[in-house]
Structure formats: C-alpha cells, structure tokens
There are 2 protein chains.
Amino acid sequence: MKLLDSGLSAVRGYKTAGIHAGIKKAKRDLALIVSGKPAAAAGVFTTNMVQAAPVTYDKALLAAGNLIQAIVVNSGNANACTGKQGALDAEAMAKTTAQALDVRAINAQSTAVNPGTTADTKDGNQVLVCSTGVIGVPLPMKTVNDGIKEAAAKLSNTRKSAIDTAEAILTTDTFKKETAVEITIEGKPVVLAGIAKGSGMIHPNMATLLSFIITDANIEAETLQGLLGNSISSTYNMISVDGDTSTNDTVLTLANGASGTPAIVKGTEEYEKFAEAFDYVHAYLAKQVVRDGEGASKFIEVQIKGAATEKDAKLLAKAIITSNLVKTALFGEDANWGRILCAMGYSGAQFNPDTVDLTLASSKGSLLLLKQGAPVPFDENIALTILQEHDIDIKAVLQEGSAEAAAWGCDLSYEYVKINGEYRT
Amino acid sequence: MKLLDSGLSAVRGYKTAGIHAGIKKAKRDLALIVSGKPAAAAGVFTTNMVQAAPVTYDKALLAAGNLIQAIVVNSGNANACTGKQGALDAEAMAKTTAQALDVRAINAQSTAVNPGTTADTKDGNQVLVCSTGVIGVPLPMKTVNDGIKEAAAKLSNTRKSAIDTAEAILTTDTFKKETAVEITIEGKPVVLAGIAKGSGMIHPNMATLLSFIITDANIEAETLQGLLGNSISSTYNMISVDGDTSTNDTVLTLANGASGTPAIVKGTEEYEKFAEAFDYVHAYLAKQVVRDGEGASKFIEVQIKGAATEKDAKLLAKAIITSNLVKTALFGEDANWGRILCAMGYSGAQFNPDTVDLTLASSKGSLLLLKQGAPVPFDENIALTILQEHDIDIKAVLQEGSAEAAAWGCDLSYEYVKINGEYRT
C-alpha cells in the first residue's frame, strides 16, 4: 500500500470542484464529486431518529440500487428539521446537479476514464446529496442552484480542485481532512482517496458528519456496502468528541471501475488487500476528525486489552473516550486515573476492577498508574512531562479474556465551550 | 406539609456534628449523624461496577437487615480504588464511631428522644460509612479516627451542629444543601430533614454523591426502602451535570420513630402523606445539587409531555439534559432548538419528529420554537431576553401518548472545564 499526496485527484475517472456559492459568508460552501461513468455506491447514515432531508433522500436512492454518478454537498446549512420544503430542496439539488453535468463531455476530456455507459442523469436519481451546517433554516435555493451550476463548470481532476473540494465540505473544522492510497489489484494500480469533515457533534454511531471515499476499483455495490459497514464499526464508530450524534452524519463511497481490473470479489486475496486499504483510509480520516475536535488541545487514543468480548472492549473504550471528566482531566494534564476507572465502571461492560492495569503514555514515556486494581505511587513531575504532550495514550489491560478495541477522542477545553456557545448566533 | 428552616436539627431524636479533622486543608471534612435509638434504615447506591469501599460496606450492612444508629461521613477522600486496605479502613471508621459514641448519654441529654432499646454499637455493625473526594488515595486513618472522636464529643441537636454537618459532607460544592418539612401523622407532628452534597460526577443512575434524610417517623425498614427506590427514580435519577456516574453515590435514610406515632403502613392515607413529603425532600435536594453543578451558570428544567410511555419520556428528558451541545448552547444563551431535537432523536425513545412542539421559557416569557416539527420564526432579541435568565425551562410536547417526565440539569461553562481540569492537583 502506497500513500499518495494528491487527495481525490489521485483517483482516475473522477472530477471534483469546490466553490464559494454564498451560503456561508466567505468560505467555500459547495462541492461536487463526479464520476465519469456511473459508479457502484455504498452509504452509512446517522442512527438519529431525526434525520436531515438529504439523509432520507440518499437512503432511498441507495436502497433502490441505483448506480451513482455524482455527489453534491453544501456546507453552512444542514437542511435538517426543515419539513416538506427540506425534502423538496434536497431533490432539487440532485436535479440541478444532473442538469448541470454534461457527462459525455467529462468523459471525453478525461483520458483516464474508462469508456462505459453514460446514464441519463437529468432526473437526478444518480446524484447523492449531502448538507451540513446550521439546523432548522431553509436552504437558500437560488444561491445553492447557482452554486451548483458554477461548480459544474469548474469540474476538473487537478490537485487544486481536490483541495477546493476538501475545503468546501467543512464547517467549524480548522483544517481539511484528506488522504489517498494506491494498491495493486491483479497487477494494476487501484487508488482509493477520501475526504471528511466534522469537528463537533462527533460521537459513536456515527462519528463523522460527512465522509466521501472514491475509488477506481471495480467492485459491486453490495460488496462495497459490506466492506463499508465493517470498516465504520472500528473507525468512525469508535471516535468521540462530545457525545452528540448528528442528524446529518453520512459516509458515502463510490467505485467506478476506472482501474480496469477484474471485479474484486469477497473471499479472495485481492478483496483482503482492498479491505485493508479501505479500512486505512477510514481510520486515517476518523482520526483526523478527532484531531480537529472542537477546541481540542489533545489527541487521545484508548486501548483496551484482555476484555471478555469485543463488545465489552468497545463499551469500555467508548466510555473512557466519552467521559467529560476524563476529557477535562487530560485538558488539565492531570493523571487522574480514578476517572478513567470510574468511566469503565459505568460502561456496561463486565469486568473485575481488582485485576485492571492502567497506563498513561505519550512520546515522553509511559506511566503505570494502576496495577491489579491498586494505585501505584508515581512522580507527579514525570506524569506532567508525559501529559504535556499533544498525543496521549490510555491503555487498560483486563484479565477477562483476549478481546481488544481502540477508540479515539480529544480533551474538553474552554475552547469547546466557546465554539459551541457561539456556533449558531 | 410545612417547611422548616432548621435543617437536620428539626428532627427529634438525632444529634449531629461536623468538624475539620484535617483530611482537607481547612474546610470541615468529617460529619456524624446519630440517632438516639437504633433506627430503620434504607439505602440506594451507585450502579457503577467500580464501587468504593464504604459503598460495599454499607450494602452488606443494610442487606443484613441491621437497625442503624449512626452515619459517619468524611469528605476530601473517597476511599475508592483503595483495595483491601480501603475495606479495612471503612470498617475501622464504623468501629471507631461505635466506640466513640456513648449512646446512653445522648439519650439522657436529649429530652426529645423516645426511650427505647439502646443496642451495643461497639462492633460497628450499626454504623453506616460514607466517603467522598479524591479517588485512589488511602484514607489518613489517624486523622480520620481522631476526627471521629472529636466529632462524637461535639454531637448536639442545635442549628449550629446541623449547619456544620451539612457543610462537612461537601467537596467542590459552593453551598450546603439542606431542607426540612413537617407533616401530621395520626395527629402528631412528624419531621423529615435532609442534606446532600454533589456538584460534579452528577448523572442519572445515580445523581447525588451523598444524600442523607433523617426522620422521626415510625416506619419499617422494608417500607422505607420501597419508598426510597420510588423517590430516587423521579428525583436523583433525573438530574445530570456531566454524564459521569460516581463510584461513591449513596442515598441513605434513617427513621427512628421518635415522633411516637403508630407505624406508617403501605396503602394507607398516612403513607401517601409521608411519601409526598419524602419525595419533596428528595426533589428539593436533587434540584439544589444541580443548581450547584460545577461551573453552572444556568438551572435547566426539561419537561416532556405526550410521550408514548414513561420510559420514553424519561429517555427524552435525560438525553436533552445530558447533551453537551444543548448545555453549551444555553451557556451561550442561544435558542439553538436544533440541538434539543437532535438529542431527542438519539435518546432511544420512539417518536415522530414531525409532530413535536418545542418551547423555551423563563420568568421573562416563553417562545414556541418548533410547531409540529417545523421551525417557527422568532425574534432573536426576545429569545435573548428569555435566555439571559438563570432558570430556563425546555418543554417538548409529543403526540405519542400521555406519559410525561421531568429532568433537571445545568449548562456547560468555561468554569466546569476549569474546575475539572484542576480538581485533583
């Protein structure tokens, strides 16, 4: 697996654009990701009972088994809690995108695109829609539609377009999240690239607000959906910034087959190779989202070892990473292991507290704080040296079995409170 | 039901003391609550898998059906995660208390005490033990034992002693929590009085760190335990400060019968009267705990109406009151109703988001923000006027049935982060 530094533009057969349409005051707020030919698609969406209009729209589209040619995304407005008008607006975004795209022209320009069937996208049923931003405000549809047309005219496969696209999906994020990797399938290069946004409302089930992974792999939608579900459960569902689950969380994947390899089929070595790269991209983006957690001053990784079951291991890891008291302790660079053990205690997992080993670590060293459930005296100065680092590891070893899990999160800072006290107004 | 302003000293047949033993630097840190004769007792404890030594000790004592004569409490050290030494220390606190108490002398001095059997408390099995404070540090037992002896020598039923006791159980609290009420049972006055502590680690199941209610009612332990369980589920279990559940949460009740009435029996009118007063004291103390939530600048009451079941109503109310994003929005005085609806969406309760009405209110007026699931345009200045008040009500009306629930919490402020970033060190 080779890391590439060109983001979405590394993948053959796609063009992208990211522009400022005017939904936000000044920053880019509208993105298009377009495949030269209809692509297999898979998606995972928020489990919140309250779902934004584009989430409902996309779920129906994917459930119908449609091949997908484009994803249109706006930031600055979530189109959530917007009633019937919201549903009509999501549909209109898809239609405007379909009408604005001259798909045959794209194919002709892009030499990397495999020749293939170009479906008529005029009715919008090959366009997935995503929105993120403030809840409960109707979309400014004139601005959105004009923006879509402008973006369609700017579609390209340059590095600049890839960067613009990664930027246009952001809200309170402080940096763009993107990655790309190349693997070899049946002797040919296959590329996977992804972008993500999210820095608040980040919590297990699901974690990221928006994440898009595109690949030129040749893989069927059903296989892709299976891979996506697996990948999410150990990546996006194991990160937490603040314990809230959004109405808009959406992870989408497109695979357009432009690599020209035979189809990747479950149970083969090539499938495992693809799955590994796919997981890598998700894990990388998930961690980037946490690194950009609202107001985060620390990146925290929790490792649970020796749990009875994987479910228990995940419950324990999530409880620690979600605890406000653990987060504030790490913000304060305080080796307050009692709060970690306490969070494990209410996680719902079964374990014997009297056999737990607990370690805090960073690049400056590691400190055993609890040995077989009993406190180990430690030097506060050494603890402080370790905890002053940005990246902190919490490791809990149980004696219940051999299951393990990891989770990622950030601390809870003044800045988090400030950002979220001021977000809407 | 008559409100009294004398706290624990209002109840006949008890003496109390609160002193500075030296566990904390300067503030009172050791309390005794002693009944003149053995009292019926009931308790509810933390559901955390990690339980402090005194919790384990008290559960065993109550399970054995012992009558109880005293409660000894220290603050400043939780005696949690302290291994076998912790268990020995909790037992030693009970024994020292038993030995320090000359129960017959107390009875003789206190004219209000009913004459009754004075059990031999020398072995400590009539003494309940509570600890609160930092986790994982062994108790300074010389200091604790000396403190118990000093407190025993100062026991009295004066208002001063009641105040000292209410103060001695506090940790990060900024004010003492106490209340007392009088009702009439079979023509005679019966008094219930309670104190509580808790301002961090406050979360449903259970909410308060420590709460003690004493009464001179004549009621059997089993009946008292039933009342306590009911009362907790709609009071302490419906408050939340930060989503963390402590290792030490303990609610204890003593009833010594000093009122001289016949026993209060389930199913009678007198029972209902007592239950109402009992619930009032718990609800009052629970709300006081929230008002003192670490760093709280707002007191928030959530009302859910029209839910399908009481369980759903409670899930919805708890999800709202626990959401960091709702808490920070209210800290920022921002009518961000989207976050409220979002929290309802992931609560686990079943409901149709398209029929929800949502109202924010305070003493300055009320504002309908969501009508049948659709946003209602509102004046931001009016919203700000309402939200600038200290006490804020959130009301959600569903169309699923007739069940309702209330929950209480506070906002999430810079100060919360500050307090919890600095608590241990």
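User: What should I know about the numbering and the model before we start?
Analyst: Residues count from 1 along each chain as its sequence is written, while chains are lettered from A and ligands numbered from 1 in the order in which they are written. The model is predicted, local features need pLDDT of at least 70, side-chain atom pairs count only at pLDDT 80 or more, and totals for chains, interfaces and linings use all residues.

User: What makes β12(A) and β15(A) a pair?
Analyst: Strands are DSSP runs of E, at least two residues, numbered from the N terminus. Two of them pair if DSSP finds at least two bridges between them. β12 (357–362) and β15 (391–397) of chain A have five, antiparallel, so they pass.

User: And which strand does a hairpin join to β12(A)?
Analyst: That's β13(A), through two residues. β13 covers 365–371, and five antiparallel bridges join it to β12(A), so that's a pair too.

User: Which bridge partners does Ala361(A) have?
Analyst: Asp393(A) in β15(A), and Ser366(A) in β13(A).

User: Why is α10(A) called mostly covered?
Analyst: A helix is a DSSP run of H or I, at least four residues; this one spans 337–345. Buried means 20 or more other C-beta atoms within 10 Å of the residue's own, with C-beta atoms placed from the backbone.

Terms used:
Buried ≥ 20, exposed ≤ 12 C-beta atoms within 10 Å, placed from the backbone.
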